[in-house]
Amino acid sequence: MATPDIKVACFGEVLWDIFPGGDRRAGGAPFNVAYHLSKMGVEVNMISSVGHDELGRELLQKIQNWKISTAGIQINNTYPTSTVVATIDEHHDAHYDIVSDVAWDYMEFNPVNQAMVATSDALVFGSLATRNERTRNTLFQLLEASSYPVFDINLRAPHYDVHVIKDLLYKTHLAKFNKAELRMLIDFMGKSYTTEEDSVNFLRDTFGIGEVIVSKGSKGALYADHHDFYSIPTIPIQVKDTVGSGDSFLAGFLSKRLEQGTSATAMMHQAVSLGAFVTAQEGACPEYTLADFISFREDAAQKHG
């Protein structure tokens, strides 16, 4: 179990994912990370914004029911609560139609959120929330207060700017990519892609990033801690859908990374275990207990070593 005094702030979008048939689920990449960190026993503050509307009230209530603080979630009187139309393809992968000009596009910098970041062990943020100048400026201000900025790169066209991505990477201590995003960024930088290790070394040397994670789906994951590289295979499971699997992977990693004296192997094992556990269920934030996850992790370790 995670140490109770670990605190993490997650910055960015909270929203309703609308699935085929009208099923509505709370989501947003940074919120998914917050949800799973909370399940791991970490104290989490979500920094975001919802509209002054029924969907916003429902979302705040749902988050509170999950015992996650909403003190950092602003209420916007002008822009609505975010909704995203999600479709699932034949490979169980999700595709999203992300509506613009929603509440989390217009997040204000305030002393409450600044204090949350300053007193947290990490600040988790993604690239989607930087699509609007207001929220982007707020993020850059909050980054100045963070002792451990964690950048979860989500390159969803057309909602990102390569120059902003680069500016954020210069301020990042831990960067997480999936393999496609790593290739895209290397391409943006005008460099030929050869190997994951070469790409990670290039990013570390260019931006001064200490740690990089590359999640590779069924091919496992890679973690680089400065010049040390660690690879771990995935856990074979029956895939229900891949919605939020990368977010749960990151939450699993951070829940161990922020503990004192944890080995890189233990961090990665926790990451792939939680990613597999969530991928075997429907949705990004399935209902479960820490005991459910520990049982899955130990069972998987016995079966697959």
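The model is predicted, so local features need pLDDT of at least 70 and side-chain atom pairs count only at pLDDT 80 or more, while totals for chains, interfaces and linings use all residues. Residues are numbered from 1 along each chain as its sequence is written, and side-chain values use heavy atoms, leaving out hydrogens and water.

Let us begin with the sheet. It is open, has 9 strands in the order E5-E4-E1-E8-E9-E10-E11-E12-E13, and its pairing is mixed. Strands (E, at least two residues) and helices (H or I, at least four) are DSSP runs numbered from the N terminus, and two strands pair if DSSP finds at least two bridges between them. Strand E5 (73-76) and strand E13 (228-232) stand at the edges with a single partner strand each, so one side of each is left without a neighbour in the sheet. From one strand to the next, the twist averages 15 degrees; angles run from 0 to 180 degrees between N-to-C directions, with axes as lines fitted to C-alpha atoms, for helices over the stretch in contact.

Leu-222 has Ser-231 in E13 as its bridge partner. Helix H7 (residues 196-207) packs on the sheet, touching E10, E11, E12 and E13, and its direction makes about 35 degrees with that of E12. Contact here means heavy atoms within 4.5 Å.

Now to the largest pocket. A pocket is an open set of points on a 1 Å grid over the protein atoms alone where a 1.4 Å probe fits, with protein on both sides within 12 Å along at least five of seven lines; lining residues have an atom within 4 Å of a point. Its lining has 47 residues, and Asn-178, Thr-242, Gly-244, Ser-245 and Gly-246 lie nearest the centre. Helix H9 gives the largest share of this lining, 5 residues.

Finally, the rings of Phe-31 and Trp-66 have centres 5.9 Å apart and planes at 25 degrees, so the pair is stacked (centres within 6.5 Å, planes under 30 degrees apart).

Note on methods. Rings of Phe, Tyr and Trp (its six-membered ring) pair if their centres lie within 6.5 Å; planes under 30 degrees apart count as stacked, over 60 as edge-to-face and the rest as tilted.
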